[in-house]
Amino acid sequence: MNHSFFSRRRFLQAAGAVAGSSLLPPVAGWGQPAHPQQAEAATSGPPDYTLTIAVKPVELAPNRIISTTTYNGQFPGPLLRFKEGQRVTIDIHNQTDRPEQLHWHGQFVSTDVDGAAEEGTPFIAPHGSRRISFVPKPSGYRFYHTHVHAKADLSAGQYGGLVGPVYIEPRDHPGDFDREVFLTLKEFEPTLSRGGDMAMDFLSPAAVVPSLKDSGESAMKASLAKGSPHGFEVGYGSFTINGRMLGHGEPIRVRRGERVLFHILNGSATEIRSLALPGHTFTVLALDGNAIPKPTPVSGLWLGTAERISAIVEMNHPGVWIMGDLADDDRHHGMGIVVEYAGEKGKPQWIAPRPFRWNYAHFGGTGTSQTPDQVFDMRFAKQNAASDGFNLWTINDVAFSEERMQPMFRVEKGKRYRLRMQNASDDIHPIHLHRHSFELTRLAGQATSGVMKDVVMVGGYQAVDVDFTADNPGLTLFHCHQQLHMDFGFMALFDYIE
Ligand SMILES: [Cu+2]
């Protein structure tokens, strides 16, 4: 049997196609508005899918019913299974009082449908509708979510329930597993707080850049010395997997010997999540939906906001278990799901795994990555409590704002670019690039290759390099996926030049 669920051969072909695209003529000049591509124009007739955005009750647990914005009245939104290369038409209805954006995270689509106003995607008007059509690609685990600024309004943006999974079936390879299980991790009942308790010490390598640390710490000290409080953070009252708090949803029922393929999404607005299943290991096949060079077993998972992991668990340790977050407090408030073997009974058990660190390079290959045509240096910094008590975030000293939407970086179609990211803050930032994927090339001093992603966690005071090929013309948004950070400046635009 073929043990690689994802087609390595197709992946390499795709990479080859990217490398060859430099022969195509460049399009979309600097300063011009984004052109909706003809190919993306809406079709007539009934849609393939309908997504309705509306405020609905969601039952997280018995007697714990919240009211939040949902897709089709459910959380998570419906799993959309597309076929790679087969056009889909989707009607989006917005039954709320706010303009909405629906972003196709991880897909190579045009700016007209990507779902980011900064790139020129039209809003779905309050009580309005929009029909979109696009060709899903690339294959693998993607997702869709709202893409509006919430700022201080914790009922808006990704603080609500506007998150749903997408799976784009590859053209071949049914894969070697018995069952697929999709899990969306998500907190509800957000509140503002001062200071958080987010885990910070799980990334490997742990090396920090001393000059980044000095500059971040002295900026923070200066702010506190002036009497500023710490900037606002967000905490949550309830934690769920697939919209249910631990113990209140259907358990995942398994049989001994089964190979279960988990597709796990961190749908959080702001939090980094972890997941472990006592007595079992995860064999990671894909990160952010893209096959990794070599399937790799790990004892637990870490996911920044918007990251996805596809991993096989061989069910070879019968019992009734809690698959849950490593943070006891978050698990006790719901971040877990029961895994129950056939014929086993009793109270679900949690056993903390031995401490482990998360290193993307474990999933990388041994090859060296291609030399980029150009390097963009990016420095991320925090201005403590500088925007009405919220932290203000800058990229190269510029905080993005709706009044200041000029592209910061310009790329040419077909060229390969390195983003040399330097984080002068103590927070971990899950950094996302729209409409493209990137290859991880250096993580806190460690070289790697072959890991293709669309989100990468950049550790506090650390440096990370990623490379991407400019192969999807149009304005392209780059931002931290932490909602509080992206809402307060942590964004930049790339544009294509002739
Ligand atoms: Cu961030």
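Is Asn 359 buried or exposed? Here are some notes, with that residue picked up in point 3.

1. **Ground rules.** This is a predicted model, where local features need pLDDT of at least 70, side-chain atom pairs count only at pLDDT 80 or more, and totals for chains, interfaces and linings use all residues. Numbering runs from 1 along each chain as its sequence is written, and side-chain values use heavy atoms, with hydrogens and water left out.

2. **Overall picture.** The protein has 5 helices and 31 strands (DSSP runs numbered from the N terminus: H or I of at least four residues for helices, E of at least two for strands). Of its 498 residues, 57% count as buried (under 20% relative accessible area; exposed is over 50%, partly exposed in between, with a 1.4 Å probe and protein chains only). Take the contacts (heavy atoms within 4.5 Å) between residues at least 6 apart in sequence: 80% of them join residues at least 24 apart.

3. **Asn 359.** Back to the opening question: Asn 359 is buried, with a relative accessible area of 4%. You'll find Asn 359 in the loop between E19 and strand E20 (374-387). Beyond its neighbours within four places in sequence, Asn 359 touches Ser 204, Pro 205, Leu 443 and Gln 446. With Gln 446 there is also a side-chain polar contact of 3.0 Å (N or O atoms within 3.5 Å, one able to donate a hydrogen and the other to accept it; residues adjacent in sequence count only if both atoms are side-chain atoms).

4. **The copper site.** His 429 (ND1), Cys 480 (SG) and His 485 (ND1) coordinate the copper ion at 2.0 to 2.1 Å. Donors here are N, O and S atoms within 2.8 Å of the metal (3.2 Å for Na, K and Ca), and water is not among the atoms, so sites may look incomplete. The donor spacing in sequence reads H-x50-C-x4-H.

5. An open sheet of 3 strands runs in the order E11-E19-E18, with mixed pairing (a pair needs at least two DSSP bridges). Strand E11 (252-254) and strand E18 (320-324) are the edges; each has a single partner strand, so one side of each lacks a neighbour in the sheet. E11 and strand E19 (residues 336-341) pair in the parallel sense over 3 bridges, and Val 254 has Tyr 341 in E19 as its bridge partner.
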